Amino acid sequence: MPLPQKKRWESMAKGLVLGALFTSFLLLLYSYAVPPLHAGLASMTPEGVAPCSPAPGEPETVTPANGSVGECQPRRDIVFMKTHKTASSTLLNILFRFGQKHGLKFAFPNGRNDFDYPAFFARSLVQDYRPGACFNIICNHMRFHYDEVRGLVPPNATFITVLRDPARLFESSFHYFGSVVPFTWKLSGRDKLAEFLEDPNRYYDPNGYNAHYLRNLLFFDLGYDSGLDPGSPQVQEHILEVEHRFHLVLLQEYFDESLVLLKDLLCWELEDVLYFKLNARRASAVPRLSGELYRRATAWNVLDARLYRHFNASFWRKVEAFGQERMAREVAALRRANEHMRRICIDGGHAVDAAAIQDSAMQPWQPLGTKSILGYNLKKSIGQRHAQLCRRMLTPEIQYLMDLGVNLWVTKLWKFIRDFLQW
């Protein structure tokens, strides 16, 4: 017999506390057992500065791949600021594949699949980091800290990120992370999202555990104060700073167009940006916001709304410069190629519920308390030409990180606790 709602939440809350305490204890042991790699960072001499660091006064710009300076060469030095609930897992898979194909050096987290999020990124969080280390690709979840990231990649590295309509992002984040945001436990109605948006300030605690997931999450991920007064001049200053630092800001709603622009910027081949949609939720778990709730969600995430409006406008200016007809042709070519791979790779031709996934290596990470994330079954008979590409395109983030040799002991421990408690 299933537990009553109240008992279920009480059990989950106790389990969360137990899991957090146990994980904290092991992290403490680990911190004593492993000497910090960044012990000498603060006192580094000029001779010890990482070779990746830009020379004084060096412009941090990237010549467009189709520019007039020299022949187009594939770009291999990339910083992807991975935002939450924006199709970023799909883009992560693209970067994993490209880096693996070309033997590039990733800056990976140590012990888990993110850089100690929601803490700010620091170089010392990189697996096997040593002062002076230089990397080709940084792409795991972090709270962005530009100076720390900048020193890990060559001066001409390309910086990219991806945004999403803030109301839709909030809806997705609420359903995915809501169970680990304690102030949402006060919500008693059947439609907790609608109840919250009726009077957000009644429930929201800016200092509450995991509160950042439920207001201006894009602003937070990019390293800014998500609780800024919307009237503050800092809001626009931050938006312009993002524009200055990032060479391309993709949009989740126009993912194919974004990938065409990315392919052009990086001078990549079509195969490099092929994708299957990863980490997607089943439709029944994603009730769409109504007009009024959509308006309220946008107003609640007003900083993200301003950020999105700015980059939505700049995105279409880039499309216009690229050429509308050319864009239509390349999007069509990308979709044809994706469809071709779908027929070759995916058993049944579509994503399935977690319970229907036959291979544990294809099982995506699930949100706490529910199995709403879809995955895929790999066809059993795939020709040698496509076998490796199919598997890589369908491999979820955690498993791909392990394939790439990342130490995920904290993530594995958390999975063990969740499996033991049957979450």
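Predicted model: local features only at pLDDT ≥ 70, side-chain atom pairs only at ≥ 80, totals over all residues.
**Note on cross-links, helix packing and salt bridges**

1. Both C345 and C390 are buried, and a disulfide joins these two cysteines, with a distance of 1.9 Å from S to S. C345 lies in helix 12 (residues 324-345) and C390 in helix 13 (residues 384-394), so the link ties together parts of the chain that are 45 residues apart in sequence. The link of C345 and C390 is left-handed, with -70° about the S-S bond.

2. How many disulfides does a search of the whole structure find? The search finds two, and besides the link described above there is a disulfide that joins C72 to C267, with a distance of 1.7 Å from S to S. This pair links distant parts of the chain, 195 residues apart: C72 is in the loop between helix 1 (5-33) and strand 1 (78-81), whereas C267 is in the loop between helix 9 (255-266) and helix 10 (291-300).

3. Helix 9 and helix 12 pack against each other with their axes 9 Å apart and at an angle of about 105°; because angles of 65 to 115 degrees count as roughly perpendicular, the two helices are roughly perpendicular to each other. On the side of helix 9 the contact is made by D256, E257, L259, V260, L261, K263 and D264, and on the side of helix 12 by R326, M327, E330, V331, L334 and R335. Sorted by class, the contact of helix 9 with helix 12 has six nonpolar and seven charged residues, and no polar residues.

4. A search of the whole structure finds 17 salt bridges, and a few of these are described here and in the next point. R123 forms a salt bridge with E148, in which the closest N and O atoms are 3.5 Å apart. The pair links distant parts of the chain, 25 residues apart, with R123 in the loop between strand 2 (106-107) and strand 3 (137-138) and E148 in helix 3 (residues 146-150). Both R123 and E148 are buried.

5. Within helix 12, the side chains of R343 and E339 meet in a salt bridge, at 3.5 Å from N to O; R343 and E339 are four residues apart, which is about one turn of the helix. R343 is partly exposed, with a relative accessible area of 47%, and E339 is also partly exposed, with a relative accessible area of 30%. Elsewhere, salt bridges that share partners join E198, E292, R295 and R296 into one network. The side chains of D116 and R112 also meet in a salt bridge, at 3.1 Å from N to O, and D116 is partly exposed, with a relative accessible area of 33%.

Methods: Residues numbered from 1 in each chain as written. Heavy atoms only, no water. Disulfide = S-S within 2.5 Å. Buried < 20%, exposed > 50% of the residue type's maximum accessible area, 1.4 Å probe, protein only. Axes fitted to C-alpha atoms, helices over the stretch in contact; angles between N-to-C directions. Parallel < 35°, antiparallel > 145°, perpendicular 65-115°, else oblique. Contact = heavy atoms within 4.5 Å. Nonpolar A, V, L, I, M, F, W, Y, C, P; charged D, E, K, R; others polar. Salt bridge = Lys/Arg side-chain N within 4 Å of Asp/Glu carboxyl O.
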